[in-house]
Amino acid sequence: MKVLLVFAHPEPRSLNGALRDVAIRELETQGHEVRVSDLYADGWKAEVDRADFPSWQPEARFLPAGASKKAFSTNTLTEDVKAEIDKLLWADTLILQFPLWWYAMPAILKGWADRVYAYGFAYGVGEHSDKRWGDRFGEGTLAGKRAMLIVTTGGWEEHYSARGVNGPIDDLLFPINHGILYYPGYDVLPPFVVYRVDRFGEADFEPVAERLRERMRTLETIRPIPYRQQNGGDYHIPSMQLRPELGDPGATGFALHEDRAGAKSVTPRSTLRDVA
């Protein structure tokens with residue numbers, strides 16, 4: 001298996017850096033080929049601007065989506081973006097690793113997605129009609145590949161529980177798991193989350209490292225989160241509303257977009273997510 005790990009932490013000697021090394025060593029021990037995009041070390045440019053699209057006319061009003069579409073179709077994206085797209089096409093599995101900062105990924109990683117997910121590559125793909133609304137949410141350029149998150153946070157696991165003050169961790173990560181990974185077609189694996197990292201001592205590291213090794217050993221076999229496929233019949237098109245007979249009556253929120261009833265053989269996510 002070919003694995004791309006996109007790493008977003010400014011300090012290589014951090015806990016994130018140590019966990020990255022554990023993951024890479026275990027993957028290579030299992031015979032997998034690993035490439036790493038270290039965004040801070042590489043000096044990744046996070047913001048989208050005119051410099052990303054040299055073929056866009058200087059006097060024209062800047063339209064990021066239109067510029068992205070033109071640049072992708074004419075192969076005039078910048079070399080750093082093209083290199084990352086090539087890595088995504090090469091990899092069977094994508095891992096995004098980052099600390100949770102202010103309830104989201106670091107800006108440099110969001111900027112990686114903003115720039116690399118070009119129009120015509122990650123979105124704007126497929127037929128739009130009264131029967132299909134593009135190849136997305138379960139279909140798309142990256143369908144058939146796997147993806148997952150490795151996330152660290154200073155908060156306690158209880159703080160990110162269903163009744164915790166921070167909100168459920170699955171809800172906080174939904175925009176990434178569903179909106180960035182599932183959107184272009186990835187099968188999204190349950191995240192590996194490590195809590196209370198600001199209080200970590202040497203004795204805390206090895207148990208977490210061993211759980212991460214086990215996750216890397218099961219990367220090819222663990223069942224994905226059972227997100228509903230957009231064009232699979234669960235949603236009205238073009239309103240993209242979930243059919244009223246699906247999900248718990250009166251329920252709202254992100255969990256509606258998981259087909260838990262149709263995935264009875266899937267182990268509950270609470271038992272799949274690795275925690276410290």
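**Burial and core packing in a predicted model**

Me: In which helix is the place of K87?
Reply: The model under discussion is predicted. Within it, K87 has its place in the run of residues 79-90, which is helix 3.

Me: Is K87 buried or exposed?
Reply: The cut-off for a buried residue is under 20% relative accessible area. Leaving aside neighbours within four places in sequence, K87 is in contact with L4, V36 and S37. Because its relative accessible area is 18%, K87 counts as buried.

Me: How many residues of helix 4 are buried?
Reply: Helix 4 spans residues 107-116 and is mostly covered. Its buried residues are I108, L109, G111, W112, A113, R115 and V116. They pack against strand 1, helix 3, strand 3 and helix 5. Of the 10 residues in helix 4, the number buried is seven.

Me: Which element gives the most to the largest nonpolar core?
Reply: The largest nonpolar core has 49 residues, and those with the most contacts inside it are L88, L94, L96, F98, W112 and L181. Strand 1, helix 2, helix 3, strand 3, helix 4, strand 4 and helix 5 each supply at least two of its residues. The element that gives the most, with seven residues, is helix 5.

Me: Which residues is W112 in contact with, leaving aside its neighbours within four places in sequence?
Reply: W112 is one of the buried residues of helix 4. W112 is also among the residues with the most contacts inside the largest nonpolar core. With those neighbours left aside, its contacts are V6, L39, W44, E84, L88, L94, L96 and Y117.

Key: Residues are numbered from 1 along each chain as its sequence is written. This is a predicted model: local features need pLDDT of at least 70, side-chain atom pairs count only at pLDDT 80 or more; totals for chains, interfaces and linings use all residues. Side-chain values use heavy atoms; hydrogens and water are left out. Helices (H or I, at least four residues) and strands (E, at least two) are DSSP runs, numbered from the N terminus. Buried means under 20% relative accessible area, exposed over 50%, partly exposed in between (1.4 Å probe, protein chains only). Contact means heavy atoms within 4.5 Å. A nonpolar core is a set of buried Ala, Val, Leu, Ile, Met, Phe, Trp, Tyr and Cys residues joined through side-chain atoms within 4.5 Å.
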